[in-house]
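Hello! Here is the structure I promised to pass on, with a few notes on what turned up in it.

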Amino acid sequence: MSDKYRIDEPTGTEFVGHEWDGIEELNTPLPRWWLWTFYATIAWAAVYVVLYPAWPMVSQATEGVLGWSSRSDLAEEMSAADMARAGTFERIAATDITKLPADADLMGQAISGGAAAFKQHCVQCHGAGAAGYEQYGYPNLNDDDWLWGGTLTDIEYTLIHGIRWEGSDETRSNYMPAFGDIFSRAELDAVTSHVLSLSGEGQSSATGAQLYADNCAACHEANGAGNRDLGAPALNDAIWLYGSERAQVSQQIAYPRHGAMPGWSDKLDPVTIKMLAAYVHSRGGGEFEGDATEEVAPEIETESADEVAAAEQVGDDGRS
Amino acid sequence: MADPDELERPPQNGDATKRDWGAALPQVETDPIAARRLPHQPPPKLYEKRKAVHNKRIDGPFRRFKWLVMVVTLAIYYVTPWIRWDRGPYAPDQAVLIDLANRRFYMFDIEIWPHEFYFVAGMLIMAGIGLFLVTSAVGRAWCGYACPQTVWTDLFQHVDRLIDGDRNARIRLDKAPWGPAKAARRGAKWSIYLLISMLTGGAWILYFADAPTLFVDFFTLEADPVAYMTVAILTGTTFWLGGFMREQVCIYMCPWPRIQGAMLDEKSLIVTYKDWRGEKRGSLKKSLKNPDEYGDCVDCLQCVAVCPTGIDIREGQQIGCITCALCIDACDRVMAEVGRPRGLIDYATLEQCEAEAAGAPAQPAWKALVRPRTFIYFGIWGAIGLAMLFALGTRSHTDLTVSPDRNPPFMLMKDGSVRNSYTLRLRNMEARPREMEVSLAGLPEGSVMWTDRIGREDAAPSQTLTVPADETRVVRAYVVVPAGSDIDSFRFVLTSLDEQGESDSEETTFSGPGD
């Protein structure tokens, strides 16, 4: 026992009494605070194992008496977020879509919500910037050229019923005949020239004009302004759904492609569809209620594009 | 005590080795306590147990000044959040408010946004240089009078005095064994500590929200959890630092005394014991008997008794001295009683001390303030302050930033014109809604713009928008340039349509099919 209190000269520390081949062990205990912290962590671990999921079992870990899980935390946060949004959703649901722009705050909320839904459901075809893909014929939603109308009501209708969608009887649908089987090669060239000339490209010919008047004007109008009621695209502007090259235009006349879009009424709730309409409308080409009728009305009556433009100008001035 | 049986135990394995080098050592006593005190070299102790400071009550000019500073600083701390300041209906009416939730800092007529954090940085720099300035002029006056640690320690020491009595009573009580009387006194004292600590922590949160509302919410348990947490933490730290750590904060924890150690020089004002006058110290009786042998110091230890950090100033300048000057009060009082001139302990510079020791007359303390270093610090400090005031007075309350859409970069319209889309951020730093005009500069004739909230039929070369009070309004803007224009860039110009007529502009790109 006397060894126990022997002191190591150089360090002033006592020996513990263990020795091996002349090497002895000094008694330098752990600092108390460290030791107690260590004990506290052990105690904490014991408590933790009881309270929280801890032991891995065959299919899942032990549940813990608190019943906590990160999944239920997430579910709570999600439902809290849903609750927070519920008021806005109800207001949007209760507001007629034509009245939406009048409520700037609600319109802003709808645009934000629509932007989120667009990223989930629409970007696959229309692109992240809503600019579409010309090579596939997915329309650009940013411009001011609308096949079926660009007011909030028109866009909402398109979203609900789709285009050439078998899921709705009221879907927007039209079919252009394939003139490749009707026209000769020369006739096709002549019509193509005339169509291009409508927007100021190249020269037309009497044959082309005649063929256009007989076969195309019924839907696309004599001046090429198109007809939104039929979904006939305007041919007298700078925007081409399937390309503006002569070969592309000619191809479309001969064997037209017809794009399709599913209606979303079976997948999305009415509020989301409303918000999507608001978002698409806000992309810069949105038309306000009344625009379409005022634009279409003179187009049916008049022959010249200049007059149409003049009529539009009057309409604009009248409003502003 | 050595046990003979154990000393003469039979040899065991390994004993030989032990004996070999153990033989050269001095005889080792086997008493466990004594063994630790043997004449081997013990490693130097790095830890010194704290000796409790029981400073004695003192009155005098410096003590009264300390009272005044304590009242003023505590009043500033507790009253400031309650001062109201009318900023109109769109901004809070609290004079000093750090509104973290809305990211605004209000100080009377000044409102600071997060992007103007350099004002706060400037104030911190001024505070830093201000400390240099104070140190250069009056030494550690910050430590001695105005530092929160000093003020609160002083407050807690007055509580000690109130509950336990003055120095001697407190020393007695400290040594007394625990009993009901001691427990009652300790309980009362710590309760008051806790109350002061809670008031300290409680007042802090009032700077971060509307004080009257938060005050009510706090007691009706409707305040944010972070408010309770902040109060709890600050109560804990005040209780611990003010009630128990006290001078150890100054001596061991605070970096400032160490920095000051490097900043003080022979021209700095410090609290000094004039040893050439005081030594050789001795009791009044002795010094009256041998006036030639003894100096003015009667070794009454009053300077030590009143010291809030428990040092002996007669040992000279030291890190524990916060220059609170209470020892000056104590010594002056004793000098008056024994009929000797005041100022045996006094504010003086080391240079003055040398001069006085050599026989020069004592100088008034203010002369120590006048020196180039002080003026240089004051110049830098003032220049930063003036620059900040200038920046504050001339800053624009209007700002515009523009980011062009990159997807898609441009849009071809029906008539062949080209449209670009931009996100505009219009900042209104006034506490009222303002009409602002956004216009286009450097675009060809016929170029127009509109926003996502109005139709294209309202497109015009400029748009007037209302920006809400004290907000940044984000607007999506569309700019259309007639077909055939070849431009790469232009400017958005923002002008406030009020008497201020502030404006800002930003150049941005315009993309087209040709790019």
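Why does Cys143(B) count as buried? Because Cys143(B) has 23 C-beta neighbours inside 10 Å; a residue is called buried if 20 or more other C-beta atoms, placed from the backbone, lie within 10 Å of its own.

A word on the source: this is a predicted model, in which local features need pLDDT of at least 70 and side-chain atom pairs count only at pLDDT 80 or more, while totals for chains, interfaces and linings use all residues. Residues are numbered from 1 along each chain as its sequence is written, with chains lettered from A and ligands numbered from 1 in the order in which they are written.

Back to that cysteine. Cys143(B) sits in helix H6, residues 141-146 of chain B (helices are DSSP runs of H or I with at least four residues, strands are E runs of at least two, both numbered from the N terminus). Beyond the neighbours within four places in sequence, its contacts are Thr150(B), Cys250(B), Pro257(B), Ile322(B) and Thr323(B); contact means C-beta atoms, placed from the backbone, within 7 Å. Cys324(B) is 181 residues away along the chain, yet the C-alpha atoms of Cys143(B) and Cys324(B) are 7.6 Å apart.

As for chain B as a whole, it holds 19 helices and 14 strands, and 26% of its 515 residues count as buried. Its C-alpha atoms fill a box of roughly 115 × 80 × 50 Å along the principal axes. Among contacts with a separation of 6 or more in chain B, 68% join residues 24 or more positions apart.

Enjoy looking around!

Terms used. A residue is buried if 20 or more other C-beta atoms lie within 10 Å of its own, exposed if 12 or fewer, and partly exposed in between; C-beta atoms are placed from the backbone. Two residues are in contact if their C-beta atoms, placed from the backbone, lie within 7 Å.
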